[in-house]
Amino acid sequence: MKEGLRQSMAWLHTWAGLVFGWLLFAIWLTGTLAYFQDEINHWAHPEVPVRALDARASLASAQTFMQAQAADSQRWFISLPDHRNPEMGVMYQVPGKTGRGSFSRNLVDPQSGAKQETRESRGGEFFYRFHFELQMGYPWGRWLASAAAFVMFFTLVSGIITHKKIFKEFFTFRPGKAQRSWLDGHNAIGVLILPFHLLISYSSLVIFMSMIMPASILTSYHGKVTDFYADVFPSAAVASAAATPAPMLPLTQLYDTAVQKLPGAGFSRVGVEHAGNSNATVEFTPDDSGSIAYRAADGLVLSAVTGEVLSRPQDTPVPIIIGAGFYGLHMAHFAGPVLRWLYFLGGIGGTVLIGTGLVMWLNKRQLKHAKAGVMPFELRLVEVLNLASMAGLLWAIPSFLLTNRLLPMAMEGRSDWEVRMFFIAWGLSLLHALCRRGKRAWVEQLLVAAGLMGALPFVSALTTDHGLWQSIGSGDWAIAGVDLTAFAGALFLGWTVRKLLKKKAAAPSRKAATRESVPVLESEASR
Amino acid sequence: MASRTSGVPLAYRLAVTSRILAAALGGYAVAALSSIFIAWTLPMARPEAVVSSMMLAFVVYLVAVLWCFSCRSAWRAWAGLLLPGLVLAIADGVLYWVNQP
């Protein structure tokens with residue numbers, strides 16, 4: 001690497017981008033879908049009716065449910081219905097169990113307090129979790145996703161250094177010129193939403209900073225990590241259970257107190273600790289759609305026995321607001337419909353950026369072997385991985401959603417089968433990629449993906465009474481939006497396939513592209 | 001690249017491996033050491049200084065990685081990490097001793 005800064009940065013950009021590109025593609029696309037997590041959750045449980053919001057009545061129903069189902073559970077969390085998702089989630093710790101996996105999750109009818117009868121499905125929650133846990137055990141998935149985020153971060157920066165004529169290149173788009181068009185497209189997307197990409201990759205590191213960069217917590221707090229959390233989230237500190245049992249006030253009464261103490265705040269989540277104990281507390285977490293900064297635990301804490309205020313949201317110091325701001329900007333809970341769609345488009349842009357990069361890596365190197373007609377093993381490997389990681393994910397996502405509509409309602413382990421179908425579809429795409437080559441393989445895979453996506457609104461209309469017309473008619477845009485987006489995705493893939501099939505006409509420009517790409521290749525191969 | 005394997009000398013491959021290790025592990029170590037230093041020297045309350053130090057550490061890590069791939073040789077990559085790493089480690093040690101509870 002004696003070539004100077006730009007060449008060495010191009011090397012880093014090329015190879016880090018290749019090795020992590022396949023994983024990053026999946027992280028970006030599922031993360032993009034997670035911006036509509038609530039809407040996909042609602043789509044996945046079409047039986048849950050949309051009703052006028054009434055937090056007070058919902059809490060009364062939640063308490064009724066808890067008394068009937070798990071009267072002696074000591075920890076429960078209620079997520080209230082909101083304008084994006086009409087579901088009320090009640091999660092409680094099963095008595096006698098502790099740690100991860102000790103909680104029972106339920107959907108509860110906010111009007112009656114009965115268990116909400118609906119199909120068992122993980123819905124948008126699956127994409128959200130996969131986005132940073134990658135279906136791996138805790139904490140491995142989070143570590144791998146964080147490593148990928150850091151690679152994305154420095155790959156972006158090395159890309160910027162490589163393309164130092166960044167603004168000039170932005171206005172350079174040469175369509176119909178094979179390799180050049182790919183590069184121009186890659187640069188245009190990269191530059192246009194570069195601040196978004198930098199924000200997303202850096203903020204994902206900030207989100208997990210206390211897990212991945214804990215050195216200063218350990219030293220400044222002399223190993224007492226819990227002291228750090230108590231400092232940063234003062235309201236999260238929970239007194240331990242006292243020896244004396246005591247009855248809990250009705251949640252409606254506590255809700256009235258909370259509304260009185262924090263006027264104007266809506267609440268998204270209510271958590272109860274040590275229920276039935278004289279030290280029982282209730283935390284009301286303000287609805288985070290009101291502010292950009294996202295704080296996982298910064299609510300109003302009341303004694304559940306007396307209703308007395310134990311702690312309230314603090315004035316947060318600036319550095320902690322900045323950290324919470326990055327968290328919030330990544331999660332976009334604050335975003336209204338227009339901004340949410342911009343986030344979605346930004347996410348698609350990032351996914352396409354990674355995809356075009358991977359395609360270019362292969363195209364450039366394939367040109368060298370085009371005449372020989374034999375593809376070296378490692379190029380074939382990249383081809384298979386490109387196909388399976390990109391087109392394959394486009395099989396997996398609609399398959400997951402189709403499974404939601406097609407499996408019997410009361411099937412045992414229904415939501416596990418949805419996840420299984422996601423990976424089965426992905427695996428099938430890998431098998432196909434192993435058997436087929438080149439453009440033909442891409443055309444076939446994208447056609448299957450387009451077919452699966454395009455089928456979604458129709459299958460939805462045939463299997464539920466929440467088809468596109470019904471949901472548009474009743475103004476349920478969350479359900480209609482998922483159907484319409486799937487269909488738009490199918491159209492986009494169809495357009496891509498048409499472009500691919502037409503590409504033969506543009507073949508003469510290949511020669512020019514070869515000439516341009518050879519020096520780059522040589523500089524990468526030599527020292 | 002199997003087809004070009006003969007063209008890429010072993011020394012080059014080792015140098016690249018060495019740079020990758022320097023960037024991933026050495027860069028992380030320097031970032032972690034600098035976050036410890038920042039957390040103790042920023043004139044802020046303890047939780048604020050710690051949060052700031054973690055956020056800045058990723059920028060240090062970024063610079064360290066870019067350094068490892070932009071400098072002239074793998075040896076320089078390591079030297080460029082070890083030197084600040086050593087200074088930071090000594091400073092952190094002193095600060096830890098000074099700040100003992």
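## Close-ups of chain A

Take the contacts in chain A between residues at least 6 apart in sequence: 71% of them join residues at least 24 apart. Here, two residues are in contact if their C-beta atoms, placed from the backbone, lie within 7 Å. This is a predicted model, where local features need pLDDT of at least 70, side-chain atom pairs count only at pLDDT 80 or more, and totals for chains, interfaces and linings use all residues. Residues are numbered from 1 along each chain as its sequence is written, while chains are lettered from A and ligands numbered from 1 in the order in which they are written.

**View 1. Chain A as a whole has 20 helices and seven strands.** Helices (H or I, at least four residues) and strands (E, at least two) are DSSP runs, numbered from the N terminus. Of the 527 residues in chain A, 42% are buried. A residue counts as buried if 20 or more other C-beta atoms lie within 10 Å of its own, as exposed if there are 12 or fewer, and as partly exposed in between; the C-beta atoms are placed from the backbone.

**View 2. Helix 4 of chain A (residues 123–133) is largely enclosed by the rest of the structure, because eight of its eleven residues are buried.** Which residues of helix 4 are buried? They are A:Gly123, A:Gly124, A:Phe126, A:Phe127, A:Tyr128, A:Phe130, A:His131 and A:Phe132. These buried residues pack against helix 1 (5–34), helix 2 (37–44), helix 5 (140–162), helix 15 (377–406) and helix 16 (414–435) of chain A.

View 3. Just after helix 4, A:Leu134 takes a positive phi of about 55 degrees. A:Leu134 is partly exposed, with 18 other C-beta atoms within 10 Å. A:Gln135 sits in this loop too, and has a positive phi of about 60 degrees although it isn't a glycine. Is A:Gln135 buried or exposed? It counts as exposed, with 11 C-beta neighbours inside 10 Å. The loop also holds A:Pro139, which is joined to A:Tyr138 by a cis peptide bond with omega of about 0 degrees.

**View 4. Seven strands of chain A form an open sheet with antiparallel pairing, in the order 3-2-1-4-5-6-7.** Strand 3 (103–108) and strand 7 (309–311) stand at the edges, each with a single partner strand, so one side of each has no neighbour in the sheet. From one strand to the next, the twist averages 20 degrees. Two strands pair if DSSP finds at least two bridges between them. Strand 1 (residues 76–79) and strand 4 (residues 267–273) run antiparallel and are joined by four bridges, and A:Ser79 stands opposite A:Arg269 in strand 4.

Helix 3 (residues 55–69) packs on the sheet, touching strand 1, strand 2 (88–93), strand 3 and strand 4 of chain A; its direction makes about 35 degrees with that of strand 2. Helix 12 (residues 251–261) packs on the sheet as well, touching strand 4, strand 5 (281–286), strand 6 (300–303) and strand 7, and its direction makes about 135 degrees with that of strand 6. For these angles, axes are lines fitted to C-alpha atoms (for helices, over the stretch in contact), and angles run from 0 to 180 degrees between N-to-C directions.

**View 5. Helix 17 (residues 438–463) and helix 19 (residues 477–502) of chain A pack at an angle of about 155 degrees, with their axes 8 Å apart.** That makes helix 17 roughly antiparallel to helix 19. The scale goes like this: under 35 degrees is roughly parallel, over 145 roughly antiparallel, 65 to 115 roughly perpendicular, and the rest oblique. The residues of this helix contact divide into 16 nonpolar, five polar and two charged. For these classes, Ala, Val, Leu, Ile, Met, Phe, Trp, Tyr, Cys and Pro count as nonpolar, Asp, Glu, Lys and Arg as charged, and the others, Gly among them, as polar.

**View 6. The contact between chains takes 36 residues from chain A and 35 residues from chain B.** Among the elements giving two or more residues to the side of chain A that touches chain B are helix 1, helix 5, helix 8 (194–207) and helix 15. That side has 24 nonpolar, eight polar and four charged residues.
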